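Hi there,

I'm passing along the structure we talked about. Please have a look, and read on below for what turned up in it.

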Amino acid sequence: MPAYWLARSKITDPVAYKKYTDRIPDIIKRHGGKVLARGGRYRIMEGPETFQRFVVIEFPTLEQGVACFESPEYQEASAFRRSGGGIVENVIVEGGDATK
């Protein structure tokens, strides 16, 4: 069953954040992920306007998404944003039958 990595970001240092984002596509691909939406137009329909960048990544399974996030390569890349590049919330959620 597919899983979706949902990220909401607020960029605080564009140079440091770019060091992070430049590394991510290859890491995601190596773990079977596919970017569905990344930094495009958006409209907040309800809730606080804390974040300004949104990302949706599809993985074949929840386990592959979690393995990507926990991988040494991702953790190394994310150090750039964690050290001042931006504030990010990440959630990986398994897709499923919405009628259940």
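Helices α3 and α4 sit oblique to each other, since their axes cross at roughly 60°, and this holds for a predicted model. Helix α3 covers residues 62-70, and the two axes come within 5 Å. On the α3 side the contact is made by Cys 68, Phe 69 and Glu 70, while α4 brings in Pro 72, Tyr 74, Gln 75, Arg 81 and Arg 82. By residue type, that contact divides into four nonpolar, one polar and three charged.

Next, helix α1, which runs over residues 14-21. Which of its residues are buried? They are Ala 16, Tyr 17, Tyr 20 and Thr 21. Looking down the axis of α1, these buried residues fall within an arc of 140°, so they line one face of the helix. Their packing partners are the helices α2 (24-30) and α4 (72-85), along with the strands β1 (3-11), β2 (34-38), β3 (53-59) and β4 (86-94). At the start of α1, a side-chain oxygen of Asp 13 comes to within 3.1 Å of the backbone nitrogen of Val 15.

One more residue for you: Arg 23, in the loop between α1 and α2. Is Arg 23 buried, exposed or partly exposed? Its relative accessible area is 38%, so Arg 23 counts as partly exposed. Leaving out residues up to four places away in sequence, Arg 23 touches Ala 77 and Phe 80.

Terms used
Residues are numbered from 1 along each chain as its sequence is written. This is a predicted model: local features need pLDDT of at least 70, side-chain atom pairs count only at pLDDT 80 or more; totals for chains, interfaces and linings use all residues. Side-chain values use heavy atoms; hydrogens and water are left out. Buried means under 20% relative accessible area, exposed over 50%, partly exposed in between (1.4 Å probe, protein chains only). Helices (H or I, at least four residues) and strands (E, at least two) are DSSP runs, numbered from the N terminus. The arc is that of the directions from the helix axis to the C-beta atoms. Contact means heavy atoms within 4.5 Å. A polar contact is a pair of N or O atoms within 3.5 Å; within protein, one must be able to donate a hydrogen and the other to accept it, and residues adjacent in sequence count only if both atoms are side-chain atoms. Axes are lines fitted to C-alpha atoms, for helices over the stretch in contact, and angles run from 0 to 180 degrees between N-to-C directions. Angles under 35 degrees count as roughly parallel, over 145 as roughly antiparallel, 65 to 115 as roughly perpendicular and the rest as oblique. Ala, Val, Leu, Ile, Met, Phe, Trp, Tyr, Cys and Pro count as nonpolar, Asp, Glu, Lys and Arg as charged, and the others, Gly among them, as polar.
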